[in-house]
Amino acid sequence: MYRNIHNEAMTNKELLEKFYTSFAQGNFKGMTECYDENILFKDPVFGTLRGKRARAMWEMLLSRKSKDLEINYEIINSTTEQGNVRWTATYLYGKKKRKVINNVSSNFKFKNGKIVEHIDSFNLWKWTKQALGSIGYVLGWTPFLKKKMQDATNKKLDDFSGKKNYDI
């Protein structure tokens, strides 16, 4: 269990503060220290990830982080069992450096001072229009493109994890 400067157990609000402060600083280790060993993560781009695979995703994303990534967040609520955060990521995406502003709602479940479930929700069509341009506008709302994106991002995660010797 985490401790604050007064050597007391970290509240779930402090845990979320640590998670998003680490995210904004590009510190994947700080983020993943907040996760339970068996974390369940879900979002529209990666789908469902568990445990080491979810932690590897953050390392992969932040290892590719450019200096233009900006993270802003607001903790909406935090109880002993769950929390909700609204956050925005602003960054340049892909070879064409398209500007993306992604507004995300995150829901969390906590147990024993750790995050055990993290579910990110955002408008995938809005994201694909910004990130992919015209193809995102035309196909970004379709289950076909969603599956294709999840397959591609998970292949990138597999490749990254293999290079890092993750046992996932």
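## Helix faces, salt bridges and side-chain contacts

Helix α4 spans residues 124–132, and its buried residues are Leu124, Trp127, Thr128, Gln130 and Ala131. These residues cover an arc of only 165° around the axis, so they sit on the same side of α4. The model is a predicted one.

Just after α4 comes Gly133, with a positive phi of about 75°.

### Helix α3 against helix α6

Helix α6 also meets α3 (residues 52–63). The two axes come within 10 Å and cross at roughly 90°. That angle makes α3 roughly perpendicular to α6. On the α3 side, the contact is made by Arg53, Ala56, Met57, Glu59, Met60 and Ser63. On the α6 side, it is made by Thr153, Asn154, Lys156, Leu157, Asp158, Phe160 and Ser161.

### Salt bridges

The whole structure holds five salt bridges. The table lists some of them.

| Lys18 | Glu33 | 2.7 Å |

Take Lys18 and Glu33, whose side chains meet in a salt bridge. Lys18 belongs to helix α1 (residues 12–25), while Glu33 lies in the loop between α2 and β1 (35–43), so the pair ties together parts that are 15 residues apart in sequence. Glu33 is partly exposed, at 39% relative accessibility.

Asp151 has a relative accessible area of 44%, so it counts as partly exposed.

Lys155 and Asp159 are also in helix α6. They are four residues apart, so about one helical turn separates them. Asp159 is partly exposed, at 36% relative accessibility.

Ser22 is in helix α1. Is Ser22 buried or exposed? Its relative accessible area is 5%, so Ser22 is buried. Leaving out residues up to four places away in sequence, Ser22 touches Asn27, Gly30 and Met31.

Gly30 sits in helix α2 (residues 28–32). Gly30 is buried, with a relative accessible area of 4%. Beyond residues up to four places away in sequence, Gly30 touches Lys18 and Ser22. Tyr20 is 10 residues from Gly30 along the chain, and their C-alpha atoms are separated by 9.1 Å.

### Asn12

Asn12 is part of helix α1. Its relative accessibility is 12%, under the 20% cut-off, so Asn12 counts as buried. What does the side chain of Asn12 reach? It reaches the backbone oxygen of Thr80, at 3.1 Å. Apart from neighbours within four places in sequence, Asn12 is in contact with Ser78, Thr79, Thr80, Glu81 and Phe110.

### Asp68

Asp68 lies in the loop between α3 and β3 (70–78). At 31% relative accessibility, Asp68 is partly exposed. Its side chain reaches the backbone nitrogen of Leu92 at 2.9 Å. Asp68 and Leu92 are 24 residues apart in sequence, yet 7.0 Å apart in space, C-alpha to C-alpha. With neighbours within four places in sequence left aside, Asp68 is in contact with Thr90, Tyr91 and Leu92.

Terms used: Residues are numbered from 1 along each chain as its sequence is written. This is a predicted model: local features need pLDDT of at least 70, side-chain atom pairs count only at pLDDT 80 or more; totals for chains, interfaces and linings use all residues. Side-chain values use heavy atoms; hydrogens and water are left out. Helices (H or I, at least four residues) and strands (E, at least two) are DSSP runs, numbered from the N terminus. Buried means under 20% relative accessible area, exposed over 50%, partly exposed in between (1.4 Å probe, protein chains only). Contact means heavy atoms within 4.5 Å. The arc is that of the directions from the helix axis to the C-beta atoms. A salt bridge is a side-chain nitrogen of Lys or Arg within 4 Å of a carboxyl oxygen of Asp or Glu. Axes are lines fitted to C-alpha atoms, for helices over the stretch in contact, and angles run from 0 to 180 degrees between N-to-C directions. Angles under 35 degrees count as roughly parallel, over 145 as roughly antiparallel, 65 to 115 as roughly perpendicular and the rest as oblique. A polar contact is a pair of N or O atoms within 3.5 Å; within protein, one must be able to donate a hydrogen and the other to accept it, and residues adjacent in sequence count only if both atoms are side-chain atoms.
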